[in-house]
Amino acid sequence: MLNLMHRGRTGSLATERISQLAMQRPLFRTAGAHASIGAAHGKPRWQARHMRSNAVTQSGRRAWVAAASKNDGKSSVSGSIFSTLTSEEDDETFFDDNNRNQTEACQVFINREDEIVPVLCCDYGFRSGTARMYQNADGTLPDNGLAIGVANFKKEFNAIRHSIRDDEFARISEANPARTIFGKIGYGIGSGAIAILAGIDKALESAGLLNKLQPEADLSIDQPEDMDSSNCDEVQARLKLLKLSNRAVWDREYAREAAGAGVETPWFVRGVYLSLCVFLDFMFENRPIQRFWFLETVARMPYFSYISVLHLYESLGWWRAGAVLRKVHFAEEWNELHHLQIMESLGGDQLWIDRFVAMHSSIVYYWILVIMYIVNPKLAYNFSELIEAHAVDTYGEFVDANPSILRELPPPVVAAQYYSSNDLYLFEEFQTSEEGARRRPKCSNLYDVFSNIRDDEGEHVKTMRACQDMTVVNELSERNMRSRKL
């Protein structure tokens with residue numbers, strides 16, 4: 001039996017509409033600790049959890065209505081997140097939160113078409129829980145800078161010790177085996193260095209200079225209480241099967257340029273761009289989710305840089321015609337933030353070395369682009385256009401290379417909320433083209449998620465190109481005039 005507990009946003013539909021939908025639409029049911037549904041359909045638990053059931057009972061529907069109607073009749077369906085609770089008892093049995101047979105708590109999302117969409121039960125990111133958007137603590141004030149800095153240092157220091165002692169380096173080398181003698185030598189040196197550091201850490205611990213390193217619980221998975229952890233493990237195993245060929249990405253880029261859709265740029269800018277691409281190919285070979293997480297961490301920096309410089313110009317009284325640009329760039333950063341959160345929820349930031357490289361690279365990148373934007377804004381936009389075009393090719397290849405697995409897996413909560421809710425806050429603003437402004441993407445599975453991200457990056461390319469000759473201002477002005485006439 002399925003019980004849905006309301007956790008999310010409210011909108012404009014009345015409780016009567018909730019009741020109507022609850023009684024008419026089949027709900028998603030989960031498989032619980034036992035795999036009876038999965039066995040019946042010949043599917044594993046991670047997939048059976050998100051299958052439609054033709055035998056959902058009226059008591060299950062009533063549970064949803066009761067949960068959704070608690071907010072004085074003001075709750076709505078669309079744009080809401082619900083937790084699902086499953087029981088091992090007979091489906092006709094109604095149960096509450098205190099029922100001891102409850103085995104699992106998951107979520108479903110009600111999109112803007114009032115369709116029920118299952119979402120990932122588990123968050124695989126290093127920063128999860130309240131660090132993820134659209135959670136209960138989202139929007140709370142931070143502590144003072146010193147306090148949060150010290151807290152983060154302690155967390156990362158513990159993570160680096162586990163990284164060394166548990167040999168995260170081996171996980172990277174297993175995903176990307178050495179192909180040449182130089183690669184084998186490099187891996188050998190790296191393994192030796194890790195072994196030496198692990199020995200030093202153990203010696204310092206034995207001398208009482210470091211706290212005893214506790215066995216690491218599976219911090220890479222944030223799952224609901226009372227949920228069978230094997231379900232999360234199975235989904236994570238599927239995520240590890242996703243592939244991305246560096247050669248195929250380059251072939252796409254060459255084909256795009258041959259078709260006349262290349263980005264014209266000075267040789268020295270292209271040199272920096274090619275160096276970055278080679279680094280990504282080397283660092284994240286056979287680790288696509290980690291690669292995407294790195295890209296999205298860095299991808300936000302240009303918009304931070306552009307906004308910072310435009311604010312500086314306004315504060316100094318030098319130039320005040322950048323209000324439209326600031327709004328566009330903030331909307332672009334908001335879009336990239338959601339991409340980043342999606343990749344985090346899929347486990348892109350689990351390894352300490354990946355976080356270390358990404359965070360430090362983004363800070364350096366920010367200041368380089370600040371200087372570049374001050375010296376030559378058009379050149380800064382041109383470089384961003386190059387990067388975004390590469391992102392389109394990369395995501396496009398990834399979607400085409402993994403259609404089956406991606407269609408089998410549900411989207412993260414943050415993806416469903418961003419793409420499928422009624423709240424399209426700034427979603428239209430970063431898309432300066434007419435066709436982009438009319439986009440209403442679906443988000444039923446990971447295939448939809450990565451297709452949407454690919455299309456988002458395509459809109460970023462158009463905006464960066466329009467910013468180089470300032471046609472973006474004219475396009476947005478014309479669009480605003482038409483909207484006011486309507």
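Here is a short walk through this structure, from the whole chain down to a few side chains.

The model is predicted, so local features are taken at pLDDT of at least 70 and side-chain atom pairs only at pLDDT 80 or more, while totals for chains, interfaces and linings use all residues. Residues are numbered from 1 along each chain as its sequence is written, and side-chain values use heavy atoms, with hydrogens and water left out.

Let us begin with the overall picture. The chain contains 20 helices and four strands; these are DSSP runs numbered from the N terminus, with helices being H or I of at least four residues and strands E of at least two. Of the 486 residues, 52% are buried, where buried means under 20% relative accessible area, exposed over 50% and partly exposed in between, with a 1.4 Å probe and protein chains only. Among contacts with a separation of 6 or more, 80% join residues 24 or more positions apart; a contact means heavy atoms within 4.5 Å. The accessible surface is about 23100 Å², and carbon and sulfur atoms own 57% of that. Areas come from the Shrake-Rupley method with a 1.4 Å probe, and for residues only the protein chains shown count as cover.

Now find helix H10, residues 267-283. Its 17 residues reach 24 Å from first C-alpha to last, close to the expected 24 Å, a span defined as 1.5 Å times one less than the number of residues. Buried in H10 are Val269, Tyr273, Cys277, Leu280, Asp281 and Met283. Their cover includes helices H9 (246-258), H11 (288-299), H14 (352-375) and H15 (377-401).

Next come the aromatic rings, which form 23 pairs in the structure. Rings of Phe, Tyr and Trp (its six-membered ring) pair if their centres lie within 6.5 Å; planes under 30 degrees apart count as stacked, over 60 as edge-to-face and the rest as tilted. Phe153 and Phe157 make a stacked pair, 5.9 Å centre to centre with 15° between the planes. Both sit in helix H5 (residues 145-165), four residues apart, about one turn of the helix. An α-helix has 3.6 residues a turn, so residues three or four places apart point the same way. Phe153 counts as exposed because its relative accessibility is 56%, whereas Phe157, at 35%, counts as partly exposed. Elsewhere, Phe292, Tyr395, Phe398 and Phe450 form one aromatic cluster.

Finally, look at leucine 204 in helix H7 (residues 181-206). Leucine 204 counts as partly exposed because its relative accessibility is 32%.
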